[in-house]
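Have a look at the model first.

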Amino acid sequence: MTDLWVFLHVVGVASFLLFHGVQIWALFAIPPAFPDREKMFDRAEQSRMAGTPMYVSLGALTLFGVIAGIDGSWFSRGWWLWGAIVVLLATTGAMSAMAGPYMRSIREATTRWADGTYPMSDADLETLVRGPRGRAIAATGMAGLAFLLWLMVYKPGA
């Protein structure tokens with residue numbers, strides 16, 4: 001059964017990366033869309049819409065990874081699986097804390113008020129989207145993913 005759980009875990013990983021790829025695309029597609037607020041809002045909204053299936057995939061990859069770890073007795077064979085769980089939780093927490101508020105602020109700044117104005121000036125919006133936050137978000141995710149892949153491939157401590 002372990003092979004089935006590993007297979008389902010890998011399907012969860014692939015699904016997660018697919019839906020998360022939409023969010024990464026949106027993150028990098030927003031700055032070039034400036035000053036077109038409608039286009040920027042659409043890209044931020046596409047990122048939001050990919051969130052639910054991404055988190056469902058994250059749940060599946062976690063569930064099946066833990067089941068595979070139990071079935072394969074990997075929790076007692078070194079620290080790599082425990083480390084992967086910690087890295088996954090830490091990366092998820094950091095990404096949620098960084099990316100969620102950032103994309104929310106983009107959506108809010110590009111939503112037109114009833115009087116036809118926007119809640120953020122063009123200069124402030126440009127500073128927001130051209131600042132370092134997008135790259136910091138991407139770097140955090142890439143570092144977490146690279147470390148997870150290293151743990152999965154090399155299984156240190158096993």
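## A helix pair, then the chain

H4 and H5 are roughly antiparallel to each other, a label for angles over 145 degrees, because they pack at an angle of about 155 degrees. Their axes, lines fitted to C-alpha atoms over the stretch in contact, sit 11 Å apart. H4 covers residues 80–109 and H5 residues 122–130. This is a predicted model, where local features need pLDDT of at least 70, side-chain atom pairs count only at pLDDT 80 or more, and totals for chains, interfaces and linings use all residues. Residues are numbered from 1 along each chain as its sequence is written, and side-chain values use heavy atoms, with hydrogens and water left out.

| Helix | Contact residues |
|---|---|
| H4 | Tyr102, Ser105, Ile106, Ala109 |
| H5 | Leu125, Leu128, Val129 |

By type, the residues of this contact split into six nonpolar, one polar and no charged.

Now for the whole chain. There are six helices and zero strands, where helices are DSSP runs of H or I with at least four residues and strands are E runs of at least two. The C-alpha atoms fill a box of roughly 60 × 25 × 20 Å along the principal axes. Of the 158 residues, 37% are buried (under 20% relative accessible area, 1.4 Å probe). Among contacts with a separation of 6 or more, 75% come from residues 24 or more positions apart.

Definitions and conventions: Axes are lines fitted to C-alpha atoms, for helices over the stretch in contact, and angles run from 0 to 180 degrees between N-to-C directions. Angles under 35 degrees count as roughly parallel, over 145 as roughly antiparallel, 65 to 115 as roughly perpendicular and the rest as oblique. Contact means heavy atoms within 4.5 Å. Ala, Val, Leu, Ile, Met, Phe, Trp, Tyr, Cys and Pro count as nonpolar, Asp, Glu, Lys and Arg as charged, and the others, Gly among them, as polar. Buried means under 20% relative accessible area, exposed over 50%, partly exposed in between (1.4 Å probe, protein chains only).
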